[in-house]
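Student: I'd like to learn how to read a structure like this one, feature by feature. Can we walk through it together?

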Amino acid sequence: MSGPRKIVALSGGVGGAKLAFGLDRALPAGALSVIVNTGDDFTHLGLPISPDIDTLLYTLSGLNDTRRGWGRAGESWAFMETLRELGGEDWFQLGDRDLALHVLRGAMLASGQDLTQVTAALAARMGIAAKVLPMSDAPSPTLVETPDGALEFQRYFVEQRCAPVVTGLRHGAAAPSPAVLAALADPALAGIVICPSNPWLSIDPILALPGLSEALRASSAPVVAVSPLVGGQAVKGPTAKIMAELGLPVTNASIAAHYAGLIDGLVIDRADAGDAGALPLPVAVEETLMTDDARKIALAGRVLGFLDTLREGA
Ligand code: FO1
């Protein structure tokens, strides 16, 4: 297509960041904006932690630890060892190098910059061309409801390793940042991609912000979601477990129903090609397992091609 085409992606942490990496590499520099979930954010040991933003920054800059999925490669842990010796809380791991990011973020926020400005400055220093946009500049925490009461997100996810049964989720309702609304209203926007992050834990906190879903619907650009399921299972993390606990069949039909009215197309994995015929919207069947950088870029190219097809057919 001619002219500068801009793409907005909605992303949580690990799975979403992989596709964002592919999109960033497949598109001209600066054409990608990633709206990132901050429902997982919390203050820990006095430091402002934004796990999904961190994962995006580390993944897009190539600094990420691919085995762990979060944090930096080549990390050392002297801070955690010392913290433990001093009797500090050690359920949430902060590597020595990672720590610098949280300390610096805290100092920048304390100096009066908002989270959008801080993230843009950090991304620039890390050599990232894409715009990494926190969904909101205000806290909008996700609470996980369990039979024993509501848990803060990181207590559920990291401390309790997603073991409690999820009976419901409560999302914050902070205002989307002006940069997020501007990215969605950009006349050059050629497509919106909902990354294969957990729809309930990572994408819903973004969609729950007032005006956000409306902005997606108001855009003339097509919206596609990439299913987080492969062969009826979640690639990583608790998506399948949560779907079952919420009483939903772990199928692409459930993913399509979840995003109904919002998406114009769904990308599903080859292992689930049999689902395609029964889905009530355009479907692209692709290799969605992003086990290396080449696969991330290849999937991104297919997703962009799918968006082109939907735009031409509109
Ligand atoms: N995830 C873990 O499973 N254990 C950790 O100790 C942990 C520490 C951590 C520190 C900084 C950061 O940016 C992320 C961190 N994560 C950790 C990942 C993160 O909490 C989750 O993967 C996300 O919130 C879910 O998207």
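Student: Let's begin with Cys162: is Cys162 buried or exposed?

Tutor: Cys162 has a relative accessible area of 10%. The cut-off for buried is under 20%, so Cys162 counts as buried. Keep in mind that this is a predicted model. The residue sits in the loop between helix 6 and strand 8.

Student: What can I read from the backbone there?

Tutor: Here's the general idea: most residues other than glycine have a negative phi. Cys162 is not a glycine, yet has a positive phi of about 60°. Arg161 also isn't a glycine, and has a positive phi of about 50°.

Student: Where does Arg161 lie, and is Arg161 buried or exposed?

Tutor: Arg161 lies in the loop between helix 6 and strand 8. With a relative accessible area of 70%, Arg161 is exposed, whereas Cys162 is buried.

Student: On to the ligand. Which residues come nearest?

Tutor: There are 13 residues around the ligand, and the nearest are Asp40, Asp52, Asp54, Gln93 and Gln154. The side chain of Asp40 has an N or O atom 2.8 Å from an oxygen atom of the ligand. Asp54 puts a polar side-chain atom 2.7 Å from a ligand oxygen. With Gln93, a polar backbone atom is 2.8 Å from an oxygen atom of the ligand.

Student: How much of the ligand does the protein bury?

Tutor: The protein buries 89% of the 530 Å² that the ligand exposes when taken alone. Helix 2 (51-60) and helix 6 (153-159) are the elements that give two or more residues to the shell around the ligand. Helix 6 gives the most, with 4 residues.

Student: What kinds of residues make up that shell?

Tutor: The shell divides into 7 nonpolar, 2 polar and 4 charged residues.

Student: And where does Asp52 lie?

Tutor: Asp52 lies in helix 2, and at 6% relative accessibility counts as buried. To spot where the chain folds back, compare distance in sequence with distance in space. Asp52 and Thr38 are 14 residues apart in sequence, with their C-alpha atoms 6.7 Å apart.

Student: How many salt bridges are there?

Tutor: The count comes to 14 salt bridges. For each one, ask how far apart the partners are along the chain and how exposed they are. Take Arg155 and Glu89, whose side chains meet in a salt bridge at 3.2 Å, N to O. This pair links distant parts of the chain, 66 residues apart: Arg155 is in helix 6, and Glu89 is in the loop between helix 3 (78-85) and helix 4 (96-110). Arg155 is partly exposed at 26% relative accessibility, and Glu89 is partly exposed at 38%.

Student: Which strands does the salt bridge between Glu145 and Arg170 connect?

Tutor: The side chains of Glu145 and Arg170 meet at 2.6 Å, N to O. Glu145 lies in strand 6 (residues 143-146) and Arg170 in strand 8 (residues 168-170), so this pair ties together parts 25 residues apart in sequence. Glu145 is partly exposed at 24% relative accessibility, and Arg170 is partly exposed at 42%.

Student: What about Asp24 and Arg25?

Tutor: Their side chains form a salt bridge too, at 2.7 Å, N to O. Asp24 counts as buried at 9% relative accessibility, while Arg25 is partly exposed at 38%. Salt bridges can also join up: Arg5, Asp308 and Arg311 are linked in a network.

Student: Last topic: how many aromatic pairs does the structure hold?

Tutor: It holds 5 aromatic pairs. With each pair, check the distance between ring centres and the angle between planes. The rings of Trp91 and Phe92 have centres 5.7 Å apart and planes at 65°, so the pair is edge-to-face.

Student: What is the geometry of Phe153 and Tyr156?

Tutor: That pair is edge-to-face, with 6.4 Å centre to centre and 65° between the planes. Phe153 and Tyr156 are 3 residues apart in helix 6, so about one helical turn separates them. Both are buried.

How values were computed. Residues are numbered from 1 along each chain as its sequence is written. This is a predicted model: local features need pLDDT of at least 70, side-chain atom pairs count only at pLDDT 80 or more; totals for chains, interfaces and linings use all residues. Side-chain values use heavy atoms; hydrogens and water are left out. A residue is near a molecule or strand if one of its heavy atoms lies within 4 Å of it. A polar contact is a pair of N or O atoms within 3.5 Å; within protein, one must be able to donate a hydrogen and the other to accept it, and residues adjacent in sequence count only if both atoms are side-chain atoms. Accessible areas come from the Shrake-Rupley method with a 1.4 Å probe; for residues, only the protein chains shown count as cover. Ala, Val, Leu, Ile, Met, Phe, Trp, Tyr, Cys and Pro count as nonpolar, Asp, Glu, Lys and Arg as charged, and the others, Gly among them, as polar. A salt bridge is a side-chain nitrogen of Lys or Arg within 4 Å of a carboxyl oxygen of Asp or Glu. Buried means under 20% relative accessible area, exposed over 50%, partly exposed in between (1.4 Å probe, protein chains only). Rings of Phe, Tyr and Trp (its six-membered ring) pair if their centres lie within 6.5 Å; planes under 30 degrees apart count as stacked, over 60 as edge-to-face and the rest as tilted.
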